[in-house]
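My notes follow in the order I looked things up.

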Amino acid sequence: MCASATSLALGMLLVNFFQPGVHMNLALPDVSATSGLKTGDFTLKAFITHVFPHSIVEAMATNEILQILVFSLFFGAALSTMKNPMDSVIGRGLEELTKLMFRITDYVMRFAPLGVFAAMAAAITVEGVGVLWTYGKLIGEFYLGLALLWAILFFVGYVLLGRSLGRLLGLIREPTLLAFATASSESAYPKTIEALDRFGVPKRISSFVLPLGYSFNLDGSMMYQAFAVLFIAQAYNIEMGFTQQLTLLLVLMLTSKGMAGVARASLVVVAATLPMFHLPEAGLLLIIGIDQFFDMGRTATNVIGNSLATAVVAKYEPAEEEAVEEAAEPAVQPQVG
């Protein structure tokens with residue numbers, strides 16, 4: 001949570017400082033313009049009362065992602081109290097439904113290149129070639145933010161791990177480069193596990209903390225989401241005050257959790273967040289064409305952040321437990337036989 005908050009806050013600070021979308025001066029899309037765009041009405045009190053759904057069916061019908069998330073948390077907590085919840089009809093049904101929805105998302109993303117081509121062509125036709133300079137600055141500022149985030153992660157890692165940090169960074173260099181080249185954390189996962197094993201992290205820790213981190217510790221993705229949402233607001237000349245940005249930080253902290261299994265999940269989170277703040281959903285087309293360049297950097301950052309977190313957990317996990325388990329294992333074997 002601390003890493004996510006740091007990443008989001010750093011991203012918001014840089015976007016407010018550089019203001020990459022201010023000079024685009026885009027006109028609001030007609031669909032959103034008729035809805036009365038007033039970000040000042042979105043207060044923290046309104047956000048808290050709006051989080052809880054009147055009906056889950058209504059929340060799904062109106063695409064209220066945060067209300068669906070809150071309901072899912074309560075539903076999951078209640079489901080976990082059942083005996084063998086994943087062996088029940090509901091558990092198996094939800095598991096199969098999850099696989100189905102991921103496959104549907106994959107199908108949609110296969111058609112994304114056509115949409116990206118159309119979006120980029122339309123943007124250049126309307127705004128001129130100069131819009132490419134704006135995109136270039138946005139990408140450069142994002143990677144500057146990632147460099148600052150890496151510096152913070154390395155500093156914290158050095159404080160907690162000491163000089164062994166250098167050895168760890170050398171070991172995870174290959175999976176980090178692989179993640180950067182493929183823009184896929186999954187492709188780098190086996191190499192990351194192998195690197196942590198060579199570093200001395202017990203498999204019982206790496207096999208638990210690393211997958212958990214892929215859902216809850218996506219530092220690079222968090223920074224990207226802050227960049228994307230505020231860039232869209234600036235491009236349409238929509239003012240977001242401190243209260244709105246603080247609320248945005250809290251919303252992204254919630255909606256981004258558990259997104260690792262979805263293709264282009266950061267775009268999905270941004271798309272779900274824009275309507276909550278009355279930002280035009282068409283603004284997503286401004287960044288979808290260059291998302292691949294963002295994805296490479298944020299994925300590599302996710303690998304580094306999760307590797308550091310796993311190594312830190314391994315260092316402060318009591319080593320005595322390993323000895324107790326190994327000593328108890330021979331005594332248990334004859335009883336099982």
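Is phenylalanine 142 buried or exposed? I looked up its relative accessibility, which is 0%, so phenylalanine 142 counts as buried. My cut-offs are under 20% relative accessible area for buried, over 50% for exposed and partly exposed in between, with a 1.4 Å probe and protein chains only.

**Ground rules.** I am reading a predicted model, where local features need pLDDT of at least 70 and side-chain atom pairs count only at pLDDT 80 or more, while totals for chains, interfaces and linings use all residues. Residues are numbered from 1 along each chain as its sequence is written, and side-chain values use heavy atoms, with hydrogens and water left out.

**Whole chain.** I found 18 helices and zero strands. Here helices (H or I, at least four residues) and strands (E, at least two) are DSSP runs, numbered from the N terminus. Of the 337 residues, 41% count as buried. I also checked contacts, meaning heavy atoms within 4.5 Å. Among those between residues at least 6 apart in sequence, 78% join residues at least 24 apart.

**Helix H8.** I tested the span of H8, residues 131-161. The expected span is 1.5 Å times one less than the number of residues. For its 31 residues that should be 45 Å, and the end C-alpha atoms are 44 Å apart, which agrees. Glycine 162 follows H8, and its phi is positive, near 75°.

**Aromatic pairs.** I searched the whole structure and got eight aromatic pairs. Rings of Phe, Tyr and Trp (its six-membered ring) pair if their centres lie within 6.5 Å; planes under 30 degrees apart count as stacked, over 60 as edge-to-face and the rest as tilted. Phenylalanine 142 and tyrosine 224 are edge-to-face, 6.2 Å centre to centre with 85° between the planes. This pair links distant parts of the chain: phenylalanine 142 is in H8, tyrosine 224 is in H13 (residues 219-235), and they are 82 residues apart. Tyrosine 224 is buried, like phenylalanine 142.

Phenylalanine 142 also pairs edge-to-face with phenylalanine 294, at 5.0 Å centre to centre and 85° between the planes. Phenylalanine 294 lies in H17 (residues 291-316), so this pair ties H8 to a part 152 residues away in sequence. Phenylalanine 294 counts as buried at 1% relative accessibility. I noted one aromatic cluster formed by Phe142, Tyr143, Tyr224, Phe227 and Phe294.

**Threonine 310.** I stayed in H17, where threonine 310 is found. What does threonine 310 contact beyond its neighbours within four places in sequence? I listed Leu196, Val201, Ile205, Ser206, Val209 and Leu210. Threonine 310 is buried, with a relative accessible area of 0%.

**Serine 206.** I then turned to serine 206, in H12 (residues 203-216). At 3% relative accessibility, serine 206 counts as buried. Leaving aside neighbours within four places, serine 206 is in contact with Ile193, Leu196, Val201, Pro211 and Thr310. My last stop was H10 (residues 173-182) and H11 (residues 185-199), whose axes come within 8 Å and cross at roughly 175°. Axes are lines fitted to C-alpha atoms, for helices over the stretch in contact, and angles run from 0 to 180 degrees between N-to-C directions. The contact includes Leu178 of H10 and Lys191 of H11.
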